[in-house]
Amino acid sequence: MDMAGLEKELREAFYWFHEHPELSYEEVKTTEKIREILTAHGIEILPYDLETGLAAIIRGEKEGPVQALRCDIDALPIVEETELSYCSKAPGKMHACGHDMHITAGIGCAVLLQENRSSLRGTVKMIFQPAEETSLGALKILETDIMEDVENIWGFHADPTNAAGTIAIREGYVTAAVDRFVITVKGVGCHGAHPDNGIDPVPAAAAVILALQSIVGRNVNAFHPSLLSVTKISAGTTWNVIPAEAVMEGTVRTMEREDRILYEKRLRGIAENTARAYGAEAEVEWIAGPPATCNDREMAEFTRKLAEEKGFQTAVEESSLGGDDFAFYEERIPGCYMKIGTGIGHPIHHPGFAVEPEVLLPAAEFLNACLTAYAERTVGRNGIKTERARESSV
Ligand code: NI
């Protein structure tokens, strides 16, 4: 394999993806470009009829497991403020979350796997997933049967808190379950000067907002990270009319499954009963998003050791109450979601966020190493590992 040639190709692809950001579910040109590059390398595209995004497959010539690598492909509605020569050509859109790097490293990994398929054990499915930023794109993939035979899955994210090429890993929970709620407090509208003629939903809503904060302090195990934020409130149309209703929206972030259930139950109880105490009524809508991302301990440990063996800097991955829809896959399939340092700089989702392109080839090589080496220690298609395979590959 001509590594200098591959590096050049990856850089050019990365510049193209960065210049052509597309928002969630609109990744049409992005999908076409991925298809074009993979096809040019002789990589088989799976025949799934996804509107955007695609799945490809590399079939190793030795028996082994079915694995997957998830690369998300969408951009954000942000006006780019970098000085890069390859900055966004789409006004108001930007690859500010590094998904351009995810696409490119994923392509690089696919090319390396394809080149080495005579020694590759098992099969690797490459998932170029749409709409991660909506938290729901993973469900589009899971609606198909692409993942049905997959025994383990890998995912990664650009990380501007670490030097380019640093591999950050954590066992267990990495990102939070992301749920959304809407509370409508219903009263009775009336003249602003005659509150006695109605039921004012505004003080009832204020009481609900304050009482909700007691869930984190009084109901949840103090050793479990979680939070509740009311992020939007609206009521009324003018200064001298008491409105008929007040609407609040917000988000709950939890790591533990039991806390997620607890929050929903307490939130409903507090909203309904507090509103009732004011003579009003509360309607609660709970909109569940992805669960928490939880890394398989064995895969995380394997990845950390492999990174050290291959000479990468390693770090402990910071856990966050942000979310990633990669969690939907990990809910069904053992997985490892790592962070790959892209050079210290502006945080993700910032208009100045930038990836150091030096990271592209090492990231592709490391992902290839994870998939290749992990397959070596897994024998058969049912995920059963033998001690012999385990010993010989560590
Ligand atoms: Ni992202």
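User: Which helices each supply at least two residues of the lining of the second largest pocket?
Analyst: Helix 7, residues 257–277, and helix 9, residues 326–330. Keep in mind that this is a predicted model.

User: How much space lies in that second largest pocket?
Analyst: About 200 Å³. It is lined by 13 residues. The closest to its centre are Tyr173, Arg257, Pro291, Ala292 and Glu331.

User: What's the lining like by class?
Analyst: Seven residues are nonpolar, one is polar and five are charged.

User: OK, what volume does the largest pocket have?
Analyst: About 720 Å³. The lining has 36 residues, and the closest to the centre are Ser320, Gly322, Gly323, Asp324 and Ile348.

User: Which strands each supply at least two residues there?
Analyst: Strand 5 (152–159), strand 8 (177–186), strand 12 (245–254), strand 13 (281–288) and strand 16 (335–341).

User: And how many of its lining residues are nonpolar, polar and charged?
Analyst: The largest pocket has 13 nonpolar, 13 polar and ten charged residues in its lining.

User: New topic. Where is Thr293?
Analyst: In strand 14, which covers residues 293–295.

User: Buried or exposed?
Analyst: Thr293 counts as buried, because its relative accessibility is 0%. The cut-off for buried is under 20%.

User: What does Thr293 touch?
Analyst: Leaving out residues up to four places away in sequence, its contacts include Gly172, Tyr173, Val174 and Thr175. Asp324, Phe326, Ala327, Glu330 and Tyr337 are also among them.

User: Which side chain joins Thr293 in a polar contact?
Analyst: The side chain of Thr175, at 2.5 Å.

User: How far is Thr293 from Gly323?
Analyst: They are 30 residues apart in sequence. In space, the C-alpha atoms are 7.6 Å apart.

User: Which residues line the largest cavity?
Analyst: Phe14, His18, Leu84, Tyr86, His95, Gly98, Asp100, Phe353, Ala354 and Val355. By class, six are nonpolar, three polar and one charged.

User: Last one, helix 10. How many of its residues are buried?
Analyst: Helix 10 has 13 of its 17 residues buried, so it is mostly covered.

User: What should helix 10 span?
Analyst: Helix 10 runs over residues 360–376 and should span 24 Å, because each residue counts for 1.5 Å. The expected span uses one less than the number of residues. The end C-alpha atoms are 25 Å apart, which agrees.

Terms used. Residues are numbered from 1 along each chain as its sequence is written. This is a predicted model: local features need pLDDT of at least 70, side-chain atom pairs count only at pLDDT 80 or more; totals for chains, interfaces and linings use all residues. Side-chain values use heavy atoms; hydrogens and water are left out. On a 1 Å grid over the protein atoms alone, a cavity is a set of points where a 1.4 Å probe fits but cannot get out, and a pocket is an open set with protein on both sides within 12 Å along at least five of seven lines; lining residues have an atom within 4 Å of a point. Grid points are joined across faces, edges and corners, and a volume is the space filled by probe spheres set on the points. Helices (H or I, at least four residues) and strands (E, at least two) are DSSP runs, numbered from the N terminus. Ala, Val, Leu, Ile, Met, Phe, Trp, Tyr, Cys and Pro count as nonpolar, Asp, Glu, Lys and Arg as charged, and the others, Gly among them, as polar. Buried means under 20% relative accessible area, exposed over 50%, partly exposed in between (1.4 Å probe, protein chains only). Contact means heavy atoms within 4.5 Å. A polar contact is a pair of N or O atoms within 3.5 Å; within protein, one must be able to donate a hydrogen and the other to accept it, and residues adjacent in sequence count only if both atoms are side-chain atoms.
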